[in-house]
Amino acid sequence: MKKALLLGTTGIAVALAMLAFGFVAGNPQIAKAGTAQPVQTAEPVQTAEPLQMAGADTKIDRAEVEGIIRDYLLKNPEVLLEVQDALEAKQKEEQRIAHLGVIKNAKDQIFNSAFDGVVGNPNGKVTIVEFYDYNCGFCKRAIEDMRALTKTDPDLRFVLKEFPILGPDSQKASVVSMAFHLMMPEKYGEFHNALLGGQGRATEAAAIKIALSLGADEATLREKMKDPSIPEAFSKTYDLANKLSITGTPSYVVGNEVVFGALGQDVLAEKIEAAKAAL
């Protein structure tokens, strides 16, 4: 984290120096007057003497300008943090606006895909969508959030979107999961709880074992696992996740907001209430 901050602030310092140099070199009023003015940053920089220029063609001393910037930043290092915070806030807002457009344009794919399982109230007023991987440790812990939220909120529709990103075992387990959902959607919630809430790694064999225990016919299940619509659904989910900046699990879509990470029941409950208020 410190290294990333150092690299970011170093880049900002260089940018400030280049900006100041460009300002002094390119300001036509300075060129006409024949003298350079003090460089302006967050507050006027106090220098012993202004940069002197004999005429419009005089070259600016780059080292001197950079020295002014360096001295100012050393005396006011908090400026770098302020710039970093401002940059992060701007990027976050730009990302939020971009997500609004994606959610609007892909509303049915996000909230009403035929391949997604639904727990809670299928006709609930508010929908939360979870992108998850069966081998994600954080997802395994977050399953308790799902159970608690659907138990305490009768108007909550909880959509489960398969997003296998943690290797071949996850992908094969999700193929079984989606095949089972196509066969027995009414029991998908039980299947999901058993596989994600179980001990050990989720694999194809483990998923099939759970499916059979819930009444699935093995031959039919294995045939359904070959359905070409399953990999097509995965491809669409990966594309959707990319557009929503989702790179890890669990991640959620609540109303018009993307929520990253296992933030806990209380945070999700707040997001759900905000989504209800926006209806």
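Here are some friendly notes on this predicted model, point by point.

1. Overall make-up. The protein has 279 residues, of which 39% count as buried. Its secondary structure comes to twelve helices and five strands. Looking at contacts between residues at least 6 apart in sequence, 74% join residues at least 24 apart.

2. In soluble globular proteins, nonpolar side chains tend to be buried together.

3. Around Phe191. Setting aside residues up to four places away in sequence, Phe191 touches Tyr134, Val176, Ser177, Phe180, Ala207, Ile210, Ala211 and Leu214.

4. Leu244. Do have a look at this residue, placed in the loop between helix H11 (229-243) and strand S4 (251-254). Is Leu244 buried or exposed? Its relative accessibility is 0%, so Leu244 counts as buried. Beyond its neighbours within four places in sequence, Leu244 is in contact with His99, Val102, Ile103, Ile110, Phe131, Val253, Val258 and Phe260. One of these partners, His99, is 145 residues away from Leu244 along the chain, yet their C-alpha atoms are separated by 5.8 Å.

5. Thr127. This residue lies in strand S2 (residues 126-132). With a relative accessible area of 14%, Thr127 is buried, because the cut-off for that class is under 20%. The side chains of Thr127 and Arg157 are joined by a polar contact of 3.2 Å. Not counting residues up to four places away in sequence, Thr127 touches Phe111, Arg157, Val159, Val253, Val254 and Gly255.

6. Helices H6 and H8. Two packed helices are described by the angle between their axes and the distance between the axes. Here, helix H6 (residues 137-152) packs with helix H8 (residues 188-196) at an angle of about 140°, and their axes are 10 Å apart. H6 and H8 are therefore oblique to each other, since angles over 145 degrees would be needed for the pair to count as roughly antiparallel.

7. The H6 and H8 contact. Which residues of H6 meet H8? They are Cys139, Lys140, Ile143, Met146 and Arg147, and their partners in H8 are His192, Asn193, Leu195 and Leu196.

Terms used: Residues numbered from 1 in each chain as written. Predicted model: local features only at pLDDT ≥ 70, side-chain atom pairs only at ≥ 80, totals over all residues. Heavy atoms only, no water. Axes fitted to C-alpha atoms, helices over the stretch in contact; angles between N-to-C directions. Helix = DSSP H or I, 4+ residues; strand = E, 2+ residues; numbered from the N terminus. Parallel < 35°, antiparallel > 145°, perpendicular 65-115°, else oblique. Contact = heavy atoms within 4.5 Å. Buried < 20%, exposed > 50% of the residue type's maximum accessible area, 1.4 Å probe, protein only. Polar contact = N/O pair within 3.5 Å; in protein donor to acceptor, adjacent residues only side chain to side chain.
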